[in-house]
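Hi,

Here is the structure I promised to pass on to you. Have a look at it first, and my notes follow below.

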Amino acid sequence: MTAVDAGLPDFSAMTPEDVTRACEDAIAACDAGVDAIVATPDAERTFANTLGALEAATDGVSQASGQYAFMAYVASEDALREAGRDAEERIEKYLVDLSFREDLYAAIKAFAERGESLGPDEQRLLDFELRDYRRNGFELPEAERARVRKLSDELVSLGVEFQKNISEWDDGILVSRDELAGLPEPFVDSLRTEEVEGETLYRVSLDYPEFFPFMGKARSSDLRRTLFAKEQVKGGDANVAVLERALAARREAAGLLGYDSWASYAHEVCMSKERERVASFLADLRERLAAKVEADVALMAEVNGGPVNIWDWRYCHDQLLQTRFAVDDFEVAQYFPLDACLEGLFAVSQNLLGVRFEPRPNAPVWHEDVQAFDVYEADGDEAFARFYMDLFPRPNTYGHAAAFTLRGGRVLPDGSYQKPVSAIVANFTKPSADTPSLLRHSEVETLFHEFGHILHQTLTRATYARFSGTRTERDFVEAPSQMLEHWVWDREVLASFTRHYETGEPLPDSLLDSMLAAKTLSSGVMTVRQLYFAHLDQAYHAPGFDGDSTAATRELHEITSFPYTPDTHFQSGWGHLFGYDARYYGYLWSHVFG
Ligand SMILES: [Zn+2]
């Protein structure tokens, strides 16, 4: 049996040179594998020596990406992050090149024409390969296909640049102690300070654990406005330009490939299938939400004593939580120390799925805050998967919450199973000198959500990496996570793991009752916010889009029910526009299944 960490690099000692070398080695090995496939005489083609061999050849490249290029998102050292980014771009471009290789296409077509009788998984793999070739323009004249290829390459570079500009964006505001009134002591203590003309000022950055509490609790609407406006230009003008170039490239590629838009191109391989179905889904949802949104905003206006701006709504929501439901975010957080949350999360998963998690404190990790865990069958003694948890913000690293695949599951040629490895990267509230990491309830929900992706990746039994774990239709991928989120509202589950970090008391029933009563508070406003994102993403990728991303951001803003903030362009900091392009609606769509 193979140990779960066999073949994994020593993350704690990785150098930029290691990243570059691993990436080049994987590419060379893949090239050798592909050359062998191409050299096989057509009369001798089998599934194993053609498609099976291709899957094996490309898996090495996926692993180099998952384990080395991954440093682009998590490494503290600039040079290592830079090497990771270069490797990511190199690998993605290599995969574009590979997908445009004529000789490989000819080999796969020759195999398809032999009519070997295939099992369902094998047939599906073949169908998907042929579909990809068609979608790459292999049925187009050569000049047009070459243009599609050039655009694909360009989109890779633009995507890397876009994410870099977001990760490395750093901004914030300096405020006095008085201006932090309303925010709890541990929050204030966690802020960086600066001495300015004899006064101690506190820096509130755009990092989630600082930004969201400030928007929820800071009493000064002006300061909230200032911080919000800074958040809404994350990525800068540079990223507006990157995005608009990418939208144009996607539009041109879709046109060459015979689609009316990039949205139609993207939807073809989603559950939704058609742009019109997405549009009517979103329109229908908007209509059904209208009354709730109106009521939400009216309630907010009441506590605000006047019209509510977009930088006020979180504050109004927080005020309503406290005054009408007696729920305070930070008070609730005292019952959710991170350790307890992990215990609860693991217990739920274990009971539900018959698996067991064991910490691996000695596993090499890329930062001291990262924890490693191995996954076992409940009564098994051989780990079959590994995951890492990297949960706190660090400068210049990934600023959102996501699950990454470091190694996908698949059946190996000897019949054994390649053990999946994945990681959660998130930005939760850090421990301070005298308090452990205390998660706000929304953070607990995010933790459970991301862990749903980990389970999806970890428990996969797919034969081929192509269909393994979260490599499913984009608008279905959120469903398992949304199922897990439900547990953070379950009374029994909460009673089983919550404990006050000082007294050890579980979350009081009365407090949970209040939280449950408040569960739909502002839900209309929160959902139309998602709806706005989904609409905007569709608009960017629909036929007839005029190329001005900020104009669309402004014009559709009324969906949020708040006025647009002048001189902002939040789309420059919206990482999903690369990867979830034309498919952001999936977050709402998945709820139907979750
Ligand atoms: Zn998710």
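This is a predicted model: local features need pLDDT of at least 70, side-chain atom pairs count only at pLDDT 80 or more; totals for chains, interfaces and linings use all residues.

**What I found**

Residues are numbered from 1 along each chain as its sequence is written, and side-chain values use heavy atoms, with hydrogens and water left out.

**The sheet**

β2 and β3 (residues 199–205) run antiparallel and are joined by 5 bridges. Strands here are DSSP runs of E, at least two residues long, and helices are runs of H or I of at least four, numbered from the N terminus. Two strands pair if DSSP finds at least two bridges between them. The open sheet has 3 strands in the order β1-β3-β2, paired antiparallel. β1 (172–175) and β2 (192–196) are at the edges with a single partner strand each, so one side of each has no neighbour in the sheet. From one strand to the next, the twist averages 35 degrees.

Two helices lie across β1 and β3. One is α9 (residues 208–217), running at about 105 degrees to β3; the other is α10 (residues 221–231), at about 155 degrees to β1. For these angles, axes are lines fitted to C-alpha atoms (for helices, over the stretch in contact, meaning heavy atoms within 4.5 Å), and values run from 0 to 180 degrees between N-to-C directions.

**The rings**

There are 43 aromatic pairs in the structure. Rings of Phe, Tyr and Trp (its six-membered ring) pair if their centres lie within 6.5 Å; planes under 30 degrees apart are stacked, over 60 edge-to-face, the rest tilted. F346 and F451 have ring centres 5.7 Å apart and planes at 40 degrees, so they are tilted. This pair links distant parts of the chain, with F346 in α16 (residues 338–353) and F451 in α17 (residues 441–458), 105 residues apart. F346 and F451 are both buried (under 20% relative accessible area; exposed is over 50%, partly exposed in between, with a 1.4 Å probe and protein chains only).

Y580 and Y587 are stacked, because their centres are 5.4 Å apart and their planes at 25 degrees. Y580 is buried at 17% relative accessible area, and Y587 is buried too, at 18%.

Finally, the charged end of R250 sits over the ring of F578, 4.7 Å from its centre (NZ of Lys or CZ of Arg within 6 Å of the ring centre and within 35 degrees of the ring normal).

Cheers
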